[in-house]
Amino acid sequence: MMIPETPARPLSEAEIDAFWRDGVIAVRGLYSSKWIDTVQAALDEICGFGDDRSAEAKKPFFRSDPYTWHKNDNVRDFALFGPTAGLVQQAFRSARVNLFCDQIFVKQAYNADRTPWHHDMTFFPLSGAQIASVWTSVDPVKAEESALEFIVGSHKWPQRFRPLGVGGIVKSVAEFDPAPDFDGARDSYRIASWDMQPGDAVLFHALTLHGSRGKPAGGLNRRAIATRWCGDDARYAPTETELQVAWRHGLQPGDAIGGPIFPQVLPHLDEDGIAGRMKGPVLPDPAIVAQNQKLAARFEVVPL
Ligand SMILES: O=C(O)CCC(=O)C(=O)O
């Protein structure tokens with residue numbers, strides 16, 4: 001039987017309250033060296049560099065590939081067997097926790113791209129309150145350089161801002177308001193950020209506005225990953241205006257999240273659901289990929 005790891009320490013009630021009040025908390029030392037090594041191996045496999053941290057990359061990149069767990073076994077193991085689901089279950093006060101997806105965020109040294117301010121919910125074909133991500137970096141990050149920054153309490157705001165991805169791509173054809181210029185008025189908001197060491201994590205609600213700065217001064221690459229999670233109340237709620245999950249999952253609008261593509265991890269792992277993935281990579285459906293490409297051709301790009 002496959003059992004996801006229990007976090008080394010439970011969240012306190014104060015931490016859970018802070019997550020729901022502020023929309024984000026830092027969780028120190030969530031991942032042991034085994035999981036740090038697993039993520040590091042995964043990111044190096046996906047991005048094609050070994051332990052080369054030299055800052056000489058000619059064209060430093062920022063990669064933000066989603067859904068890598070379907071192909072990469074280290075990401076699969078980290079997401080399904082690591083301590084993240086246990087942390088999320090506690091924070092959500094949820095019976096069930098399902099993996100929605102993962103996304104890698106590798107910012108190479110000297111890459112000056114900032115991750116624009118956004119909330120994830122406008123990217124997701126989901127509804128519900130128990131939806132959140134856990135982000136971690138296998139390289140140390142500093143609050144003022146490449147660590148995630150969050151607008152405290154913004155998950156309670158009524159507005160939904162346009163889903164702004166890396167490079168200023170608006171990943172939807174729906175009409176959303178642009179996010180205000182938070183950087184131009186940083187003193188008007190409570191912005192939270194933490195210096196983090198490998199093993200540390202941030203847990204944030206899918207509606208909490210967040211972003212990160214670039215790494216123009218070089219130093220280390222920043223190799224990070226987010227896993228995204230759903231609790232009891234999350235439902236599949238796609239619209240025609242955002243990219244579809246490109247794997248055939250069989251869910252209808254209004255369905256609870258589940259099945260092989262969004263497997264239940266707690267209270268117990270859906271072993272039947274993940275059986276196919278344990279045997280090998282699971283590939284996206286070419287027809288949905290083609291549909292997504294057509295939609296993406298209509299995405300606006302805005303200057304950052
Ligand atoms: O790592 C970053 O720069 C962005 C991460 C992010 O936006 C996310 O995890 O939702």
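Visitor: Leaving aside its neighbours within four places in sequence, which residues is D270 in contact with?

Guide: This is a predicted model. In it, D270 contacts P263 and Q264, once neighbours within four places are set aside. D270 sits in the loop between strand 13 (264-266) and helix 5 (271-279).

Visitor: Is D270 buried or partly exposed?

Guide: Count C-beta neighbours. A residue needs 20 or more within 10 Å to be buried. D270 has 18 inside 10 Å, so D270 counts as partly exposed.

Visitor: How far is D270 from G168?

Guide: Their C-alpha atoms are separated by 37 Å. Along the chain, the two residues are 102 places apart.

Visitor: Now the ligand. Which residues surround the ligand?

Guide: Read the shell as a list, then ask which elements supply it. The ligand is surrounded by Q103, F105, T115, D120, S133, W135, L148, H210, S212, A224 and A226. Strand 3 (97-107), strand 6 (131-137), strand 10 (210-212) and strand 11 (222-230) each give two or more residues to that shell.

Visitor: Which residues have the most contacts inside the largest nonpolar core?

Guide: V88, V202 and L203 do. That core holds 68 residues. Strand 3 provides its largest share, seven residues.

Visitor: What does V202 touch?

Guide: V24, A26, W135, L148 and W194, not counting residues up to four places away in sequence.

Visitor: V88 lies in helix 4. How many residues of helix 4 are buried?

Guide: Nine of nine, across residues 84-92. Among them are T84, G86, Q89 and Q90, as well as V88. Next comes R93, which has a positive phi, near 55 degrees.

Visitor: Helix pairs next. At what angle do helix 2 and helix 3 pack?

Guide: Start with the general idea. An α-helix has 3.6 residues a turn, so residues three or four places apart point the same way. Now the case. Helix 2 (residues 33-47) and helix 3 (residues 73-81) pack at about 145 degrees, with axes 8 Å apart. The crossing is left-handed.

Visitor: Which residues make the contact?

Guide: Helix 2 uses W35, T38, V39, A41, A42 and E45. Helix 3 uses N74, V75, D77 and F78. These contact residues divide into six nonpolar, two polar and two charged.

Key: Residues numbered from 1 in each chain as written. Predicted model: local features only at pLDDT ≥ 70, side-chain atom pairs only at ≥ 80, totals over all residues. Near = placed C-beta within 6 Å. Helix = DSSP H or I, 4+ residues; strand = E, 2+ residues; numbered from the N terminus. Axes fitted to C-alpha atoms, helices over the stretch in contact; angles between N-to-C directions. Left-handed = near helix turned anticlockwise from the far one by under 90°. Contact = placed C-beta atoms within 7 Å. Nonpolar A, V, L, I, M, F, W, Y, C, P; charged D, E, K, R; others polar. Core = buried A, V, L, I, M, F, W, Y, C linked by C-beta atoms within 7 Å. Buried ≥ 20, exposed ≤ 12 C-beta atoms within 10 Å, placed from the backbone.
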